[in-house]
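This note is meant to accompany a first look at the model. Please keep the sequence and the three-dimensional view at hand while going through the points.

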Amino acid sequence: MVAGLIPFLAGCTDGPLSALAPAGEAASEIAWITWVMMIGTLVLMAIMSALGLYAVYGRTRGRGGPSSRAIIGWGGVMIPALVLVLLLVYGVRTGDSMLPVGEEPMEIRVTGHQWWWQFEYPGADGETFYTANELHLPVGRPVDIRVESADVIHSFWVPVLGGKVDAIPGRSNQIRLRPDRVGPYRGQCAEFCGTQHAHMGFHVEVHEEPDFEDFVEHMTGLDRTEAGPESGRQAFETHCATCHSRTTYVDGTGPNLASLAERPYLGAGTLQHTEQALRLWIGRHQQIKPGNHMPDHGDLDEETVEALARYLEAR
Ligand code: HEC
Ligand SMILES: [Cu+2]
């Protein structure tokens with residue numbers, strides 16, 4: 001039986017979305033609970049199977065064995081109660097240690113939209129700045145994530161860093177994350193929220209402290225409205241600026257595009273970001289991510305798409 005589990009586990013214990021390869025404090029606690037429960041269950045199952053086999057095939061004894069009262073009292077009440085109480089204490093303690101209480105760390109606000117994520121940070125100058133579909137965190141420092149929704153229920157989940165938190169319209173939920181390993185990871189919406197729910201991922205980058213400071217410095221007040229070709233800027237003003245912004249000071253009904261040039265994915269993890277992919281997205285995103293809430297721009301001529309792409313790639 002255990003041998004049968006091995007190929008299954010080999011596929012899950014690694015990779016950017018694995019809760020069994022934790023890279024943060026809360027995720028480690030969750031991984032521990034998983035292992036304790038799984039191994040405990042296997043041990044109990046082995047004991048119960050052995051007892052079951054013994055009951056069927058064992059030698060019948062005359063007098064002298066434990067009375068049926070004792071068997072029921074211990075096997076049916078005392079031992080299960082003991083196991084459950086131990087698990088309860090362990091579970092409650094672990095749950096408690098993940099609550100955002102005590103110190104007051106930096107807070108990042110996350111808003112789930114059909115089907116993308118907005119992140120709002122405290123900037124270096126006290127103002128906030130916005131970015132989309134990419135979450136940047138410092139290593140070794142707790143960060144409180146405040147999870148909200150702009151439309152339906154979503155769920156914020158970075159399996160390597162911690163548990164899921166629902167994004168519920170009109171409510172503000174919180175989770176504390178403390179990454180302990182630098183790296184690129186991945187987050188995913190974990191509550192079905194419509195047709196493109198599966199394409200509602202986000203990139204997670206855990207930085208060393210100085211690199212994180214650089215990121216905040218870079219994003220604070222980043223304004224690329226004037227970067228890139230003038231024709232691109234004009235097309236953007238005409239077709240795109242009602243929903244998208246090229247400065248990090250302004251949020252929008254579409255993802256913030258000020259730092260799009262540095263973003264590794266397009267369409268909330270749908271496409272790897274390359275220059276080619278960006279042109280494809282602008283002209284044909286309704287074929288790539290059908291039903292997404294950006295209006296179809298299939299009627300734009302090639303030249304305009306080109307200008308828009310160059311404008312959005314400008315740094
Ligand atoms: C009515 C609002 C609206 C307009 C107008 C609009 N968009 Fe969007 N855009 C969105 C929404 C919503 C998304 C998120 C789609 C998704 O991933 O589900 C999006 C996503 C994007 C993305 C992907 C961003 C990322 O981080 O993945 C790019 C690039 C983009 N739009 C470019 C443009 C360009 C260029 C134009 C103008 C030609 C434009 N958009 C016009 C709403 C809009
Ligand atoms: Cu979802």
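1. The model is predicted, with local features needing pLDDT of at least 70 and side-chain atom pairs counting only at pLDDT 80 or more, while totals for chains, interfaces and linings use all residues. Residues are numbered from 1 along each chain as its sequence is written, chains are lettered from A and ligands numbered from 1 in the order in which they are written, and side-chain values use heavy atoms, with hydrogens and water left out.

2. The protein chain is divided into domain 1 (2-56 + 65-97) and domain 2 (230-313), with bounds that come from an automatic or database domain assignment. Between the C-alpha centres of domain 1 and domain 2 there are 49 Å.

3. Around ligand 1 there are 29 residues, of which Cys240, Cys243, His244, Gly267 and Met294 come nearest; a residue is near a molecule if one of its heavy atoms lies within 4 Å of it. By class, this shell has 17 nonpolar, 10 polar and two charged residues, where Ala, Val, Leu, Ile, Met, Phe, Trp, Tyr, Cys and Pro count as nonpolar, Asp, Glu, Lys and Arg as charged, and the others, Gly among them, as polar.

4. Helix H6 (275-288) and helix H7 (302-313) each supply at least two residues of the shell around ligand 1, and H6 gives the most, with three residues. Helices (H or I, at least four residues) and strands (E, at least two) are DSSP runs, numbered from the N terminus.

5. Which atoms lie 2.5 Å apart where ligand 1 meets Gly267? They are an oxygen atom of ligand 1 and a polar backbone atom of Gly267. A polar side-chain atom of Lys289 lies 2.8 Å from an oxygen atom of ligand 1, and a polar backbone atom of Trp115 is 3.5 Å from an oxygen atom of the ligand.

6. Ligand 1 sits in the second largest pocket, in the sense that more than half of its atoms lie within 2 Å of the pocket's grid points. The residues lining this pocket divide into 19 nonpolar, 11 polar and two charged, and H6 gives the most to the lining, with three residues.

7. Two backbone details deserve a look. A cis peptide bond, with omega about 0°, joins Gln114 and Trp115, and Trp115 is in the loop between strand S1 (106-113) and strand S2 (116-122). Asn133, although not a glycine, has a positive phi of about 60°, and Asn133 is in the loop between strand S3 (128-132) and strand S4 (134-138).

Definitions and conventions
Polar contact = N/O pair within 3.5 Å; in protein donor to acceptor, adjacent residues only side chain to side chain. 1 Å grid on protein atoms, 1.4 Å probe; cavity = no way out; pocket = protein on both sides within 12 Å on 5 of 7 lines; lining within 4 Å.
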